[in-house]
Structure formats: C-alpha cells, structure tokens
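Hi everyone, thanks for making time for this. Have a look at the picture on the screen, and I'll walk you through a few places in it.

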Amino acid sequence: MWRRAVAWVDERLNVMPLWHGFLDRKVPKGIGWFHVFGSATLFLLVLQFATGIFLTVYYAPSTEHAYESIKFINEQVPFGKYVAGIHLWSASILVVVIGVHMLRTFAYGAYKYPRETTWITGVVLLFLVLAFAFTGYLLPYDQKAYWATVVGTNIAGAGPFVGDWALRVLRGGTAVGALTLQRFYAFHIWLLPAALALFVAAHLFMVIRQGIAAPPRRRPLDLGADAAGLPRREVYERQYAMEKQAGHPFYVSILKDAVFALLLFLAVSALALTLGTPLEPPANPNATTYVPRPEWYFLDFFQLLWYLQGQWEPLGIFLIVLGVVLVLLLLPFYDRSPERHPVRRPIAMASAVIAIVAVMGLTYLGARSPGSAPAPAAAGGAAVPPGAREFQTQGCAGCHTIAGVGGTAGPNLSHIGGLLTRAQLQTTILNGATGMPAFSHISPEALNALLNYLESLK
Amino acid sequence: MAQDEPQEGRSTRRQAVMTALGAIVGFISAALVVPLVVFLFGPAVRGKSSWGLLGRSIPPTPRSREPWVRVGDLGPMPQGDAVLTTVRLPVQEGWIQSDMPVTVYVRRSGPDSATIYDIHCTHMGCPVRWNQAAGRFLCPCHGGVFDGDGHVLSGPPPRPLDRYAVKVDAGVLYMGALELPGT
C-alpha cells in the first residue's frame, strides 16, 4: 500500500532520484559520533518549533494573564507540564549542543575553504538562538523573567550612541511592562522563527551542496604529481573526491544521528517530567528583596559586569559584545592558513581553550555568587558571635566570603585574623579601601564586635 | 521565438528584463520595509512625547499633566530611615492607562523635608535594598553601594540614585516627576 502510494506520487513528481541521491551520496571516512551535534541542533530546533506552536494555544501574552496562563498549562492542561517542560529544557540543552557543534567545527578546521559561508550562517544561527532565549524567558512573566529583562535591556541601553534607542526599541517604551511583553512575544513567535528558518535552510543547503568536511589529516593526501600548480578549487575537488572514495554512504552516518537524537529526547523528556517548568513568583516591579539572576547561559555575561566599572563601562560592554560577534563571524577571514589539523594549529586551539575556560569560569562564579545585598541575618542564637551578626547586618557578606558563605567581589576573609592586625582591620573598615566603601558611620559597639569577630578568624 | 534569437540579442533582452524585475522588486521592498521597520521601532522614533524623558530608568511614563501625587503625611515618618512606600502613579503605557503602584524609598531629612529615591540601581536597574544598620543602599547584583543620600560609595553605578521631585504642603508629602541626570 505504502509502496504503491510512493510510486503513484513519484510517477508524477520524480523525486526518488533526489531522495536516493541524498541518502546514498558518499561522505568522507571518519564522519562519526563527533558529527552528531549538528543534526542534534536541528532536532532540538524542531522540538522547539513543535512545542512552541502548541504552547500558543494556551499562552496569553499580557501582563495580567501571562503568568496565570503558564501556571494553567503546568497544572491544568493534560500533558501541559510535559509540553512546556520540553520547550524549556530543550532550549537549555540546545545552547550546550550548539556550543559543542561549534567547537567540533572549530577543532576540525571545517570553517576553512570552501566552507566559510557555512560557518558565517552558523554564527548568525547561534545569535538567533540566544535572541530566542532572551525573548523567551520574559514570556512567563515571573520575577526572574521581569528582572532579567530589566537588566538585559539596560545592558543594551548602556551602549554608546545607539544605547537609548536600542533600549526603547527593545522595551517598546521606557519601562519593562505590557508593551515589552507584547514585543518580545512578537519577536519570539514570528520574527525570530522566520529568520531562523531562513538561516537554517541556507546552512543546510550549504552543508549538503558542499558535503561534510572530511576530518583533518596530519599528513596531506597524495594528490598525484600533476597536482602542484593546479588552482585551489581543483586541488580541493580532487582531495574531496579521494576522501569520499574512502568513505561510506550517508545513510550509515544517519543512524548515529538518530540514536543521539533519541538519547536527547529521552533526557529532555525526563527533565520535563521530573522538573517541569519551575516558576518564580509573579513579576513584581516593586520588589526590593529580589536578587535578579539570568538564565544560566547568560550568567557569564552577568558576572562580567562585576569587573567593568566607571565611566568606560558602557564602552567596555559594547566593545566586548562587538568583539565576540566579530571574532566569531570573521574567523574564516583572519585565520586563512589552509592547515586544518588541531595539532598543527596550536595558537587557534589555545585560544579556544582560553575562551572555554573564561566562559565556564565566569558562569561558575556567577552561579555561586549569592548576590551582593544579603538580607540582614535572622536574630540568631547565642552561638552566633555578635560580630558575625554585625558582619551580616552591615552588608559585609555582600562582597566578602567567610567559611564558604558570602560574595566574591572582595577578598575572602575566612583567615583575615591571621593576615591583618586589629588596627589594620579598623583602618580598612573606617576608611575603606580600593573598591570598598568606608564604614565610618558604624557605632563603636558594632565596630568592636566586628573587630573581635574578624580577629578570631585565623 | 526566443531560441531563434542570436546569443547577443537574447542576453541584452534578458538583461533588460532582469533590470526591470530588480527595479520592481526593489520598489516594493523599500515601500514595505521602510514603514515596517519604522513601525517596529516606533518607541524610539517618536521623539516628541515623553519617551526620551526617562532614559535608562525603569518607572513608567506618568500620564497626567498634574505631576504631583500624594505620598502621605510627613509627621509620623521617622527621620533618617529610608522607608519603602508605594505610590499609585497614573501612567500611560502605549494604549494602556492605569494607576500603577510604584514603590519608592522615602527618606525624611528634616521636619518638613524629604527625599524620594527610585529603587533601581543606576548601574543595571536591579532593586537596591536599604540597610538600616549600615545606613546604605546595597545593590544585590554587582556590589553597588550608595550612602543614605544616594551617592555612590563603591561598585559600578555611574551616578547617584535617581530622585523624584518632592513638595511638602501643609505637612503632606507629594511626589513629582523623576529627575534625571542632566535635567
């Protein structure tokens, strides 16, 4: 029955040759498990589209109803927790998978001739996905959504020249509110998906048109004596033909892609079913005890704001963002050496490692920072020394860590009693130091208690 | 018949068609894209209204021309402490008019004087917390610290806490527009 249906269609459209060409074309040897991340990205994007479209059936993009509608999806709609959970968790996993996909492409030097355009469309796709993430998590309109958007749009607003303009375009007005939510919804549901579809199509067209890059070889293939002096394109074509000759049909690789997609699907489903979509309290623009914190994939950037200070900060942020965009986008143009093997590209590989360590380090610091305005400690029992209480109430813990608890902006004070004398401590507290405000208003009793406590830390 | 044309004739004819096609597509695109982009960027383009007034701050645009909103009697307020107070501000957000609750810090500085601070850190807009024991506003995000008068003591904030205009009339405190740097 199925065969007859296919034959009926094919008699009219003659598409089977295309299908066979797609499946049976040879791909170079060594296309294996490292290559599943591209198709995994596509798979997760499809999951996003599928679940996202259905979420709009219940979701209401207004400040009055957004939060309750998400709550309704989570609690009342059959499979609501599952559908919303898949949307949320596959987005997080998508960011990781894209990162690995880019690293694989980078390590294999696959962005080099003739695949520069594939890399560029890929970088555009990365930023589109980040834009999806940023616009998407305002939509539940909970505390995290609201405050992360306040901070996120303010970062854009800090940019030189176009900052104010960008801020208002993003917010749809001056404040984050109904207009912002409406606008982010439009971006998230219409504009970004349209752009994404276009770039995914272009990216895939390039991948299929050019074939998958062969894994790099330490020793180049022997192209024959007459290869010297041939134009670059002909050398490449001869090389790639040899790689394909030694390779296998594409349908062999596709099984690995399918297995990996299945694993991802199971992982996402498990996360959706167990954790669902955690909601914070509804957005409250008037909360003064809330500690704004972005989604984990923006924590690195959030943490970076600790280190840029003063009048040059806006320019610094702008240059860092512009730098990251340009470094990624223009990679194939400033790295023009034809060498593709990672072992022979020590500088490129070292740069990648530094970038990974920086991103992971900042994310880690951002994740473990408790926020710099600790709530005054609860009264505490007799066991808590008065100085420790003072350490909390004066806000010291916002920047300083003692015994693993506290902020990271200032020095760790866990052993400060062994490092500074009481007089030195007193001077620092009363007069301040670089990056630390003077606490000159402190009462003598509080100061005394604080000094006793700090001296005892050895 | 086209295929009977000499090579040269066909290519000039084809070129002419392509040019015309390009002109038509270009015209339709421009006539569509320019209005669509301006439509999208409306909030930034409409310069005449109060859009630009609030710059990088958070509170919404007040609706009324009468700028003074009653905050409360000054009498019972303690001096020196910054008190969180919620004021209902008539605001206009696009097509929505509402009396929006806006929370501010009111700090009474004398028998008939007070300062009203916006709760948002001037760095990235996180809500600052008043710490009574230290007499400071602490930002929970990146270590910004302001003294009781809103001046920056440390951290990345580029300017003091934003203030609202205040008026005291017969012992009653009124709140006005947000005063922004340079205004």
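Let's begin at a proline. Pro114(A) is found in the loop of chain A between α5 and α6, the latter running over residues 116-136. What is the peptide bond from Tyr113(A) to Pro114(A), cis or trans? In this model, which is a predicted one, that bond is cis, with omega near 5°.

Asn14(A) has a phi near 55°, which is a positive value in a residue other than glycine. You'll find Asn14(A) in the loop between α1 (2-13) and α2 (16-24) of chain A. Is Asn14(A) buried or exposed? Asn14(A) has 9 other C-beta atoms within 10 Å, so it counts as exposed; the cut-off for that word is 12 or fewer.

Now over to chain B, where Ala170(B) has a phi near 50°, again a positive value in a residue that isn't glycine. Ala170(B) sits in the loop between β9 (163-169) and β10 (172-179) of chain B. With 7 other C-beta atoms within 10 Å, Ala170(B) is exposed.

Let's zoom out to chain A as a whole. Chain A contains 18 helices and four strands. Its C-alpha trace spans about 90 × 60 × 45 Å along the principal axes. Of the 458 residues in chain A, 33% are buried. If you take the contacts in chain A with a separation of 6 or more, 75% of them are between residues 24 or more positions apart.

How is chain A divided up? The domain assignment gives domain 1 as 19-284 + 309-347, and domain 2 as 386-456. Between the C-alpha centres of these two domains of chain A there are 45 Å.

On to the inside. In soluble globular proteins, nonpolar side chains tend to be buried together. Here the largest nonpolar core has 94 residues, and those with the most contacts inside it are Leu139(A), Tyr141(A), Ala145(A), Val151(A) and Val104(B). Helix α5 of chain A, residues 80-107, gives the most to this core, with 11 residues. Apart from that core lies another one of 13 residues, including Ile416(A), Ala446(A), Tyr453(A) and Leu454(A).

What does Ala145(A) contact, leaving aside its neighbours within four places in sequence? Its partners are Tyr137(A), Leu138(A), Leu139(A), Pro140(A) and Ala283(A).

Next, the place where the two chains meet. Chain A puts 48 residues into the contact, and chain B puts in 41 residues. On the chain A side, α7 (143-157), α8 (163-171) and α9 (178-210) each supply at least two residues. The largest share of that side comes from α7(A), with six residues. By class, the side of chain A that touches chain B has 25 nonpolar, 20 polar and three charged residues.

Last stop, Leu84(B). Leu84(B) lies in strand β2 of chain B, residues 82-93. Not counting residues up to four places away in sequence, Leu84(B) touches Thr288(A), Thr103(B) and Tyr105(B). Leu84(B) and Trp130(B) are 46 residues apart in sequence, while their C-alpha atoms are 8.8 Å apart in space. Why do we call Leu84(B) partly exposed? Because it has 14 other C-beta atoms within 10 Å, and that falls between 12 or fewer for exposed and 20 or more for buried.

That's my tour, and I'm happy to go back to any of these spots.

Terms used: Residues numbered from 1 in each chain as written. Chains lettered and ligands numbered in written order. Predicted model: local features only at pLDDT ≥ 70, side-chain atom pairs only at ≥ 80, totals over all residues. Core = buried A, V, L, I, M, F, W, Y, C linked by C-beta atoms within 7 Å. Contact = placed C-beta atoms within 7 Å. Domains from an automatic or database assignment. Nonpolar A, V, L, I, M, F, W, Y, C, P; charged D, E, K, R; others polar.
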